[in-house]
Amino acid sequence: MDDRGGSFVAVRRISQGLDRSNTCHSSSAEFVTGSTAWLGRGLSCVCAQRRESDARPSFDLTPAQEECLQRLQNRIDIPYDGSVPEHQDALRDLWNAAFPEEELHGLISEQWKDMGWQGKDPSTDFRGGGFISLENLLFFARNFPKSFQDLLRKQEGDRSVWEYPFAVAGVNITFMLIQMLDLEAVKPRTLVGATFLKFLAENDSAFDLLYCITFKMMDQQWLSMRASYMDFNTVMKSTRRQLEKELLLEDIMRLEDVPSYKLLTR
């Protein structure tokens, strides 16, 4: 996240194991690509801050893991481009998944604010996140529609009067995961990054699935901390710590074994 992003917009609530197969398997869901994300000026993304531990040894990868990582990095590198028909279609698909009963008036419309974008043109919020942040939201909507709708409409728990904007928070989660897993490096430099590549070697949609787990985990942290929008960075720090802890549990053989996966409902 950098200083070139727009201002954060709060939403006022109106209603309530490292040894695995070295083969990289593609899932049935096909997606294309993306980059990193931001939340808004004044709320610096905690995941962008570098740590002393950045000077750490790297982990060697198998050829299959290198191939999987390269494919994911290719996705991360693609910016959102509102002139590309495929990107336009994906944005329309996201609207239809979020609000199937409401017709979208245009790719630039005040309606987008209902999803938690900062303005009437969502493409401006993708400048830091890239196309992958849109893909992540689409994967969430298509694979866990119940959880997606619960978070979009803030239907669970005792909510704050001023809530985090759903869509912009989602873009920020994409960014946090890229930073936490060190996905823009040639090879991982943390144990959690190396562990994730084992999952990725077994499931080409592992990043998208981890995104869904993280979004739901973040909302649970938000509720347990009784947070309001100014607490978002604190909630993200807590979410990152919890996610790293769960990914490194000894009995985790796949992402579906992560304890917080059970929070998701289809």
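**Exercise 1. An aromatic cluster**

Which residues form one aromatic cluster?

Solution. The coordinates belong to a predicted model.

Step 1. The aromatic cluster consists of F140, F148, F166, Y211 and F215.

Step 2. The structure holds 15 aromatic pairs. One of them joins F140 and Y211, with 6.4 Å from centre to centre and 85° between the planes. Planes over 60 degrees apart count as edge-to-face, and the F140–Y211 pair is accordingly listed as edge-to-face.

Step 3. F140 belongs to helix α3 (residues 130-143) and Y211 to helix α7 (residues 206-224). The pair links distant parts of the chain, 71 residues apart.

Step 4. Buried means under 20% relative accessible area. F140 has a relative accessible area of 0% and is therefore buried. Y211 is likewise at 0% relative accessibility, so Y211 counts as buried.

**Exercise 2. The surroundings of Y164**

Classify the ring pair of Y164 and W222, and identify the charged residue that lies over the face of Y164.

Solution. 

Step 1. The ring centres of Y164 and W222 are 4.9 Å apart and the planes stand at 80°, so this pair is edge-to-face.

Step 2. Y164 is located in the loop between β2 (162-163) and α5 (166-180), while W222 is in helix α7; the pair therefore ties together parts that are 58 residues apart in sequence.

Step 3. Both Y164 and W222 are buried.

Step 4. K154 lies over the face of Y164, at 4.3 Å from the ring centre.

**Exercise 3. Salt bridges and accessibility**

For the salt bridges D60–K187, R159–E163 and E256–R254, state the N to O distance and assign each partner to an accessibility class.

Solution. The structure holds 17 salt bridges.

Step 1. The side chains of D60 and K187 meet at 3.2 Å, N to O. This pair links parts of the chain 127 residues apart: D60 is in the loop between β1 (11-12) and α1 (63-76), and K187 in the loop between α5 and α6 (191-202). D60 is at 67% relative accessibility and so counts as exposed. K187, at 28%, counts as partly exposed.

Step 2. In the bridge between R159 and E163, the closest N and O atoms are 3.0 Å apart. R159 has 5% relative accessibility and therefore counts as buried. E163 is also buried, because its relative accessible area is 1%.

Step 3. For E256 and R254, the closest N and O atoms lie 4.0 Å apart. E256 is partly exposed, with a relative accessible area of 25%, and R254, at 44%, counts as partly exposed too.

Step 4. Salt bridges may also be joined together: E67, R71 and D204 are linked in a network.

**Exercise 4. Packing of two helices**

At what angle do α6 and α7 pack, and which residues of these helices meet?

Solution. 

Step 1. The angle between α6 and α7 is about 120°, and their axes are 9 Å apart.

Step 2. Angles from 65 to 115 degrees count as roughly perpendicular and those over 145 as roughly antiparallel. The angle thus makes α6 oblique to α7.

Step 3. On the α6 side the residues are F196, F199 and L200; they meet A206, F207 and L210 of α7.

Key. Residues numbered from 1 in each chain as written. Predicted model: local features only at pLDDT ≥ 70, side-chain atom pairs only at ≥ 80, totals over all residues. Heavy atoms only, no water. Phe/Tyr/Trp six-rings, centres within 6.5 Å; stacked < 30°, edge-to-face > 60°. Helix = DSSP H or I, 4+ residues; strand = E, 2+ residues; numbered from the N terminus. Buried < 20%, exposed > 50% of the residue type's maximum accessible area, 1.4 Å probe, protein only. Lys NZ or Arg CZ within 6 Å of the ring centre and 35° of its normal. Axes fitted to C-alpha atoms, helices over the stretch in contact; angles between N-to-C directions. Parallel < 35°, antiparallel > 145°, perpendicular 65-115°, else oblique. Contact = heavy atoms within 4.5 Å.
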